[in-house]
Amino acid sequence: MDLDVFVSVHRAEWDRLDALLRRRRRLTGAEADELVALYQRTATHLSLIQSSAPDPQLTGRLSQLVARARSAVAGTRRASWRDVTRFLGQGFPAAVYRARHWWVPTALASTAVAVLLGWWIGTHPEVQSSIAAPSQLRELTRPGGEYETYYSSHPAASFAAQVWTNNAQAAAMCLVLGVFLGLPVLWILFQNMLNLGVGFGLMSSAGRLDTFLGLVLPHGLLELTAVFVAAGTGLRLGWTLIDPGPRTRRAALAEEGRAAVGMAIGLALVLFVSGAIEGFVTPSGLPTWARIAIGVAAELAFLAYVYVLGGRAARAGETGDLEAVDRSASVPTAA
C-alpha cells in the first residue's frame, strides 16, 4: 500500500471526523449519522495502516481520533456494582478456570521441586552448614525458635497486612513479567520453592516436620495456590507471545493481558484471605488439626469456586476479558 496516496485520499474524511468531534453544539441527526459512518471508516483505515504500512506518527493520530469517536458514539460507562458482581461471579473464576492447564502443572512441578530441595537439604548436613552455622540452625528449629515465633512476632493485623502486600506483589510480578517469555516467572517460582524447601529440610532434619507443616499448611495451601495461578497465567501470557494461535499477536496479547490484569485483582482478594489466616489462625492457640482444617476448608472453597462457578461461566463463553462494549473495536482486514 502506498501510504502517501492513502493519506491524500482519506485525509479529508479524518479532518471532517475531527471537526465533528470538536463541535460544541449538539449534532443534528444527519451529522450524527455522518460521525458514525466516519468513525467506522477511520477505524478500518487504522487497521489497514497497522497491518500493511505501519507509521508511528499516523497510527498515533488515528488511534486518538478513533478513541475520541468511539467515546462520542458509544458514550462513557461508569463502573457499577453489576460489574463487581460479574467480575467476582463470572470473570475472575472463569479466567482462573481457563488457565488451569497452565497453573495445575505449575503447581505440581513446583511442589515436587520444593520437596526435592527439602529432602536434599534435610539429608545432607554439609548443605545445612552452608546455609547457616550449627548454632543458628538450632536456634531456628528448636521448640519456640525463630520458625515458630516468626508468625507471632508482630501484631496479627499488621502481620497479615504485611504478608498480604508481599504476596500480592509477588503474584502481580508473575502476571506482569510473564510477557518476557515467562523467564522471570520461573525465577520467582524457584525463589519461593527454595524458601519453602529450606524450611522443610531444616525442620525435618531436626525431627520437627510435623510442627513445620502445622505452621505452613493453614495459610500455605491457599497462598501457594494463588501464587501458582499467577505463575501459570504469566507463563501462558509469555507463550501467547510465541504462539498467538488464530488471533493476531497484538489481539492475543491484548486479550490475555486484560484477563491477567483482572486476575491480579482477583488474586489480591484471595491472598487477603490467606494473609488473614496467616496473621490470625496460624499463630493462634487452636489445636494443629483445627488450624490445618481451616486451611484445607479455605483451599477447597477456592477450588470449588473456580471449578464450579468458573467452569460454568467459561462454558457459557466467559473469558475473563472486558465486556465487548468496553473493548476497543477490532476490524478484520484481508490477508
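Glu34 is partly exposed, at a relative accessible area of 28%; partly exposed denotes the range between buried, under 20%, and exposed, over 50%, computed with a 1.4 Å probe on protein chains only. The model is predicted, so local features need pLDDT of at least 70 and side-chain atom pairs count only at pLDDT 80 or more, while totals for chains, interfaces and linings use all residues. Residues are numbered from 1 along each chain as its sequence is written, and side-chain values use heavy atoms, with hydrogens and water left out.

Glu34 pairs with Arg16 in a salt bridge, at 2.9 Å from N to O. By salt bridge I mean a side-chain nitrogen of Lys or Arg within 4 Å of a carboxyl oxygen of Asp or Glu. Arg16 belongs to helix α1 and Glu34 to helix α2, so this pair ties together parts 18 residues apart in sequence. Helices here are DSSP runs of H or I with at least four residues, numbered from the N terminus. Arg16 is likewise partly exposed, at 28%.

Glu13 lies in α1 (residues 3-22) and Arg41 in α2 (residues 29-52), so the parts tied together are 28 residues apart in sequence.

Which residue forms a salt bridge with Asp18? Arg22 does, the closest N and O atoms being 2.8 Å apart. Both residues lie in α1, four residues apart, about one turn of the helix. Salt bridges with shared partners join Asp18, Arg22 and Arg68 into one network. Asp18 is buried, at 18%, whereas Arg22 is exposed, at 57%. Across the whole structure, the search finds eight salt bridges.

Definitions and conventions. Helix = DSSP H or I, 4+ residues; strand = E, 2+ residues; numbered from the N terminus.
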